[in-house]
Amino acid sequence: MFAEEIRTFRRLGVRYVLLQILNFASVLASGLMMWKGLGLITNTESPIVVVLSGSMEPAFYRGDLLFLTNPPNQRYVNGDITVYKIPGADIPIVHRVLETHDVAVGGKKRGAVSAAPVARKQLLLTKGDNNNIDDLELYQGLEYLERKHIVGKVRGFLPYVGYVTIAMNDFPQLKYALLGGLGLLALFQRE
Amino acid sequence: MASRIRKHTNGDSAASSQAEDPLAASTSSTSSNAISSLLASAASSVIREEVKVNNASATEMKHACDDALKRFLSRPELFKQIYTHTDIRLALGWTCVFIAAGTGLYGWKVEFEKSKPVVWAGLILYITLTVIQTLYAYFIEGDIVFVGKRKTFDKRIVTERITISSTSTPSTPTHPPAYSLSLSYVRSTSGGKSLLGKGRATSERGYNTFFDERGVLDQEAFERWVGGVVGGVMEGKAD
């Protein structure tokens, strides 16, 4: 099937082959850089996530796409929907903030609470809208979540779009087929 | 890209007698007449693979013409192609890809907060190189498809340099889609320091003069036309 294309490549030379592979590689590279850039701008490692469970119904259903930001100096308040990741658990969880507590910023007087609560030292407790109990059991020993466990706060969402990612994760062959198809298209086409 | 590979030999006896003796032509090659005749002959004894494209797509036809032009002018007795533009595009492009890959790998291995400075650096570098690459392709490279050099020896070393750009004009109700060539030619000696001659030429032909209804490119006719234009510009400012 590829004999004709391989003969064409040999005729056209090394530079041509490198150029065609570059076409494909640069598409991937620009996609990756856009993702990383978006993550840096929103200050979160994963600015777009997919909802996997139904614990936030009727607000979010499985397969929804969520857009996150993580403003470093803004306090989280009750009612914010956050995505957090417990060290030791591999999947992030999206639930609503139920309680927030402020920790004293360590000054000369121990035990004093600072007049202006500092965003970075917040403690949070979360609960899924569709769950009966709060998330204490998910915290793997912790009593409260710290800011460093939070991936981000949900700013917006798109319904159903996330099913593509879910399908690609459940059927990895789909991912390879898509990538392979894209590669062939880029290699054998000229702008 | 669709090119059927079928060996196809033309048998045009009138032109072959001149083309079969390129050595004789090259000894007096500084004489522009010999060069023009060499170019115009479009050696028909050369075995060519059939080039077949979709003749509804002006882009495919332009690429086929560009490739035929490069193949023709890169013949050992004609010009030696200079790959500077291609090499710069390859170098910039692949550097961008490696920077992106490195940044991605680093961001994956190192935890988010700690990785931020390096990822910022990688991102800024990537954007800078991409912008430079785009500007280069737009301003410096432009429509150039072929840059060739040729050195001949006749009392002194004469260097000839030709730059060819091509554009494709789409079809209008009055004329068919056309392929337009624009050449720029410089002849100099003693390492490029003294200029012997310069020339410029443009020529346009409709694609229908070279492609038949199946989409097969008539390479001999194309090469004859290109040879004529190149010979013309080389002869225009002869010694």
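This is a predicted model: local features need pLDDT of at least 70, side-chain atom pairs count only at pLDDT 80 or more; totals for chains, interfaces and linings use all residues.
Chain A contains four helices and seven strands. Read from the N terminus, its elements follow the order α-α-β-β-β-β-β-β-β-α-α. Chain A has 191 residues, of which 32% count as buried. Its accessible surface amounts to about 11,500 Å², and carbon and sulfur atoms contribute 62% of that area.

The seven strands of chain A are arranged in an open, antiparallel sheet with the order β1-β2-β7-β3-β4-β5-β6. In general, strands of a sheet pair through backbone hydrogen bonds, in either a parallel or an antiparallel manner. For β1(A), the pairing is with strand β2 (residues 65-69) of chain A, to which it is joined by three bridges in an antiparallel run. Within this pair, V49(A) is placed opposite L66(A) of β2(A).

In chain B, a nonpolar surface patch of about 670 Å² is formed by I127(B), V131(B), L135(B), Y138(B), F139(B) and I140(B). One of these residues, Y138(B), belongs to helix α6 of chain B, which spans residues 112-141. Y138(B) is classed as exposed because its relative accessibility is 62%, above the cut-off of 50%.

Definitions and conventions
Residues are numbered from 1 along each chain as its sequence is written. Chains are lettered from A and ligands numbered from 1 in the order in which they are written. Side-chain values use heavy atoms; hydrogens and water are left out. Patches are made of residues with over 30% relative accessible area and no salt bridge: like charges are joined within 9 Å, nonpolar side chains (Val, Leu, Ile, Met, Phe, Trp, Tyr) within 5 Å. Accessible areas come from the Shrake-Rupley method with a 1.4 Å probe; for residues, only the protein chains shown count as cover. A salt bridge is a side-chain nitrogen of Lys or Arg within 4 Å of a carboxyl oxygen of Asp or Glu. Helices (H or I, at least four residues) and strands (E, at least two) are DSSP runs, numbered from the N terminus. Buried means under 20% relative accessible area, exposed over 50%, partly exposed in between (1.4 Å probe, protein chains only). Two strands pair if DSSP finds at least two bridges between them.
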